[in-house]
Amino acid sequence: MSGDIVELKKHRATFPVPERSPGSIALHGRSPELQQERAAHTRKQILDAAAQLFDERGYGKTSVKDVADHVGMTKGAVYFHYPTKEALTIAVVEAHYHRWPALLEAAQAKGLGPLDTVGELLDRTAQAFQDDVVVQGGARLQMEQPLPDGLLPQPYIGWISLLTELLVEAAEAGELREGVSPDAAAHTLVSAFFGTQHISARLTRRADLVQRWSDSRDLLFAALRA
């Protein structure tokens, strides 16, 4: 396959952001005034506070009052923007998922081959897990799955799909070691990455995540690369 074709295929990969089910809970308040810049800033404050508390305490031990106290608001002010705790939970998870397409775009913009794009994407994702409270809170909620089935997306599926697509491109470009299955490699990378972030979250509050992932990545990519 020519370099031009590889380049075109590489930029075709997209992250499949999951959609909410038709019966899921409305996320925002009911006034058109919420589109104003000040309201958007307030929603972000609430969302960030909720994500931080969900990550630190879990869903069951975080109340709307806790979130309100954290941002110095009344419960009524929080409910105006997010009418239920469930709606706030969905909002955090959706914001978590919406981080990934931008990271993929940034990784692809570096003009690397497909396999190195996978590495760049996962490196950026490790940094996001270490630094971004919304990513952290969304991850814990995805682990707990505290809401009825269908209200939160099934975790990891989108990551496996995306990495499989990129690794198929890597195989077509001659970048994968002979005999390596793109699907098996994608499952292994996702398992390794999210296992590393979970252990780091439990042991060090993700303070060592970037380094731990770097160590894992070097071992895995040595086995994958042609």
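User: Where is Tyr156 found?

Analyst: Start with how elements are assigned: helices (H or I, at least four residues) and strands (E, at least two) are DSSP runs, numbered from the N terminus. Here, Tyr156 is found in the loop between α8 and α9. This is a predicted model, where local features need pLDDT of at least 70, side-chain atom pairs count only at pLDDT 80 or more, and totals for chains, interfaces and linings use all residues. Residues are numbered from 1 along each chain as its sequence is written, and side-chain values use heavy atoms, with hydrogens and water left out.

User: What is the phi of Tyr156?

Analyst: Tyr156 is not a glycine, yet its phi is positive, at about 80°. Gln145 also lies in the loop between α8 and α9. Phi of Gln145 is near 45°, again a positive value in a residue other than glycine.

User: Why does Gln145 count as partly exposed?

Analyst: The class follows relative accessible area: buried means under 20%, exposed over 50%, partly exposed in between (1.4 Å probe, protein chains only). Gln145 counts as partly exposed because its relative accessibility is 28%. Tyr156 has a relative accessible area of 30%, so Tyr156 is partly exposed.

User: How many helices and strands does the protein chain have?

Analyst: The protein chain has 11 helices and 0 strands. Along the sequence, the pattern reads α-α-α-α-α-α-α-α-α-α-α. Of the 226 residues in the chain, 46% are buried.

User: What share of the contacts in the protein chain comes from residues 24 or more positions apart?

Analyst: A contact means heavy atoms within 4.5 Å. Take the contacts with a separation of 6 or more: residues 24 or more positions apart account for 74% of them. Ala91 and Gly138 illustrate spacing in sequence and space: 47 residues apart in sequence, 9.1 Å apart C-alpha to C-alpha. Ala91 lies in helix α5. Ala91 counts as buried because its relative accessibility is 7%.

User: Which residues does Gln136 touch, not counting residues up to four places away in sequence?

Analyst: Gln136 lies in helix α8. Leaving out residues up to four places away in sequence, Gln136 touches Asp55, Phe129, Gln130, Asp131 and Arg206. Gln136 counts as buried because its relative accessibility is 11%. Gln136 and Val93 are 43 residues apart in sequence, and their C-alpha atoms are 9.8 Å apart.

User: How many Å does helix α10 reach from its first C-alpha to its last?

Analyst: Compare it with the expected span, which is 1.5 Å times one less than the number of residues. Helix α10 covers residues 182-204, 23 residues in total. It reaches 32 Å, close to the 33 Å expected. Just after α10, Arg205 takes a positive phi of about 55°.

User: Which elements do the buried residues of α10 pack against?

Analyst: They pack against α7 (114-131), α8 (133-144), α9 (157-172) and α11 (209-224). The buried residues of α10 include Leu189, Val190, Phe193 and Phe194.

User: How many cavities of 30 Å³ or more does the structure hold?

Analyst: Rolling a probe the size of a water molecule over the atoms shows where empty space is left. On a 1 Å grid over the protein atoms alone, a cavity is a set of points where a 1.4 Å probe fits but cannot get out, and a pocket is an open set with protein on both sides within 12 Å along at least five of seven lines; lining residues have an atom within 4 Å of a point. The structure holds 2 cavities of 30 Å³ or more. The largest cavity has a volume of about 110 Å³, the space filled by probe spheres set on grid points joined across faces, edges and corners.

User: Which element gives the most to the lining of the largest cavity?

Analyst: α8 does, with 3 residues. α5 (85-97), α8 and α10 each supply at least two. Among the lining residues are Tyr156, Trp159, Phe194 and Gln197. Ala, Val, Leu, Ile, Met, Phe, Trp, Tyr, Cys and Pro count as nonpolar, Asp, Glu, Lys and Arg as charged, and the others, Gly among them, as polar. The cavity lining divides into 8 nonpolar, 3 polar and no charged residues.

User: How many nonpolar, polar and charged residues are in the lining of the largest pocket?

Analyst: The pocket lining has 3 nonpolar, 2 polar and 6 charged residues. About 220 Å³ of space lies in this largest pocket. α8 and α10 are the elements that give two or more residues to its lining. Asp55, Arg140, Glu144, Gln197 and Arg205 are among the lining residues.
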